[in-house]
Amino acid sequence: MIKRFFYIFFISMIPLIELRGAIPIAAAWGLLPTDNLKMSIFTYAICILGNMIPVPIIYLFARKFLEWGKDKRFIGKICLFFLTKGKNAGEKLQQKAGHGLFIALFLFVGIPLPGTGAWTGTLGASLLDMNFKETVLAVTCGVLLAGIIMLLASLGVLNGIGAIAN
């Protein structure tokens, strides 16, 4: 059982998968029991923590690494890809948000769609030179929201709401 908590912790750190994948895996493994609220909250917290640990590292170092590596032989293409993807996501976010960049980043990270997680949001904020504290706070709030949405979806609560709406 403890081994599975370590797995979901590390799955939450993986780019593109993040907690959007870790929470459903936790549910499939029985780590989100509906009859044990403490265990479900603990599992949710493990996923949140795992997803948030890379955020300051991404903000402080990813941009520097990608800019350094963009013209290197073996890693240049992937570094350039991530620089372009992060910059495009950041610019799109800034165009839509204007002065509401904090809210835009929060919603970008918080709505659990592919490619809109903490990794991409943090890289985009870094490339836009957004304030470090503001970035971490917006991404944290977004990860909490995405975690709640994924938790509700994994527990089948959203299915019930959909059935009532029909």
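A pocket, as the word is used here, is an open set of grid points where a 1.4 Å probe fits, with protein on both sides within 12 Å along at least five of seven lines, and its lining residues have an atom within 4 Å of a point. The model on screen is predicted.

Start with the second largest pocket. Select α5 and α6 (101-110), each of which supplies at least two residues of its lining. The largest share, six residues, comes from α5. To show the whole lining, select Lys-85, Asn-88, Ala-89, Lys-92, Leu-93, Lys-96, Ala-104 and Phe-108. By class these are four nonpolar, one polar and three charged residues. The space inside comes to about 160 Å³.

Next, go to the largest pocket, which holds about 370 Å³ of space. Of its 16 lining residues, select Ala-62, Leu-66, Phe-82, Trp-119 and Leu-123, the closest to the pocket centre. Then colour α4 (54-69), α5 (76-97) and α7 (118-127), each of which supplies at least two lining residues. Here too α5 gives the most, with six residues. The lining divides into 13 nonpolar, two polar and one charged.

Finish with the cysteines. A search of the whole structure finds zero disulfides. Select Cys-47: the nearest cysteine sulfur, that of Cys-141, is 18 Å away, whereas a disulfide requires the two sulfur atoms to be within 2.5 Å. Cys-47 is buried, because its relative accessible area is 0% and the cut-off for buried is under 20%. Now select Cys-141, which is likewise in no disulfide. Its relative accessibility is 28%, so Cys-141 counts as partly exposed.

Methods: Residues numbered from 1 in each chain as written. Predicted model: local features only at pLDDT ≥ 70, side-chain atom pairs only at ≥ 80, totals over all residues. Heavy atoms only, no water. Buried < 20%, exposed > 50% of the residue type's maximum accessible area, 1.4 Å probe, protein only. 1 Å grid on protein atoms, 1.4 Å probe; cavity = no way out; pocket = protein on both sides within 12 Å on 5 of 7 lines; lining within 4 Å. Points joined across faces, edges and corners; volume = space filled by probe spheres on them. Helix = DSSP H or I, 4+ residues; strand = E, 2+ residues; numbered from the N terminus. Nonpolar A, V, L, I, M, F, W, Y, C, P; charged D, E, K, R; others polar.
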